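Let's take a walk through this one together. Have a look at the picture first, and then we'll go from the ligand to one of its neighbours.

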Amino acid sequence: MTKILVLNGPNLNLLGTRQPEVYGHTTLDMMMDRCVSHGVTLGQTVTHMQSNHEGALIDAIHNARGTQDGIVLNAGAYTHTSIAIMDAISSAQVPVVEVHLSNIHARETFRHHSYIAPVAIGQICGFGVNSYVLALQALAAHLSGEDAV
Ligand code: DQA
């Protein structure tokens, strides 16, 4: 089994009631249950964490070094602001897939830029909860070397 951390950033604890027209009606708990069960089918032990605090997210990325095989990261609005999270990923030596529920490129201009994208192995956005499922699949392929060109 590979070990995958699904890390969720600010305001994602409000999923289900937060702007449902953008983010849907599925709660974070429901989404993470889906990740855990889908992970099993991929041979992944999925753990998850959510924090509204930048430093806590950075600590989680640091702690993943040597303990996790990959990270699925939805950094929420910190995606667009946090050089500190970008630096943490650069230092952690753990592959990261960036995910977003919404298509950030089809929204306000300030959401088009991601500090995570340059240090992630890839970005998946716009597919709701399936963004996470696709990210787990992408990590499985990456870790088994199937995505090598
Ligand atoms: C989000 C997109 C971000 O722009 C926003 O700040 C979020 C959620 C998404 O999952 O679509 O909090 O990361």
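**The ligand and its surroundings**

The ligand sits in the largest pocket. A pocket here is an open set of points, on a 1 Å grid over the protein atoms alone, where a 1.4 Å probe fits and protein lies on both sides within 12 Å along at least five of seven lines; a molecule sits in it if more than half of its atoms lie within 2 Å of its grid points.

Keep in mind that this is a predicted model, in which local features need pLDDT of at least 70 and side-chain atom pairs count only at pLDDT 80 or more, while totals for chains, interfaces and linings use all residues. Residues are numbered from 1 along each chain as its sequence is written, and side-chain values use heavy atoms, with hydrogens and water left out.

So who's around the ligand? Residues with a heavy atom within 4 Å of the ligand include R18, Y23, N74, H80 and H100. An oxygen atom of the ligand is 2.8 Å from a backbone N or O atom of L101, and a polar side-chain atom of R111 is 2.9 Å from a ligand oxygen. On its own the ligand has 330 Å² of accessible area (Shrake-Rupley method, 1.4 Å probe), and the protein covers 99% of that.

Now zoom in on H100, found in strand 4, residues 96-100 (strands are DSSP runs of E, at least two residues, numbered from the N terminus). Why is H100 called buried? Because its relative accessibility is 4%, and buried means under 20% (1.4 Å probe, protein chains only).

How values were computed:
Helices (H or I, at least four residues) and strands (E, at least two) are DSSP runs, numbered from the N terminus. Buried means under 20% relative accessible area, exposed over 50%, partly exposed in between (1.4 Å probe, protein chains only). A polar contact is a pair of N or O atoms within 3.5 Å; within protein, one must be able to donate a hydrogen and the other to accept it, and residues adjacent in sequence count only if both atoms are side-chain atoms. On a 1 Å grid over the protein atoms alone, a cavity is a set of points where a 1.4 Å probe fits but cannot get out, and a pocket is an open set with protein on both sides within 12 Å along at least five of seven lines; lining residues have an atom within 4 Å of a point.
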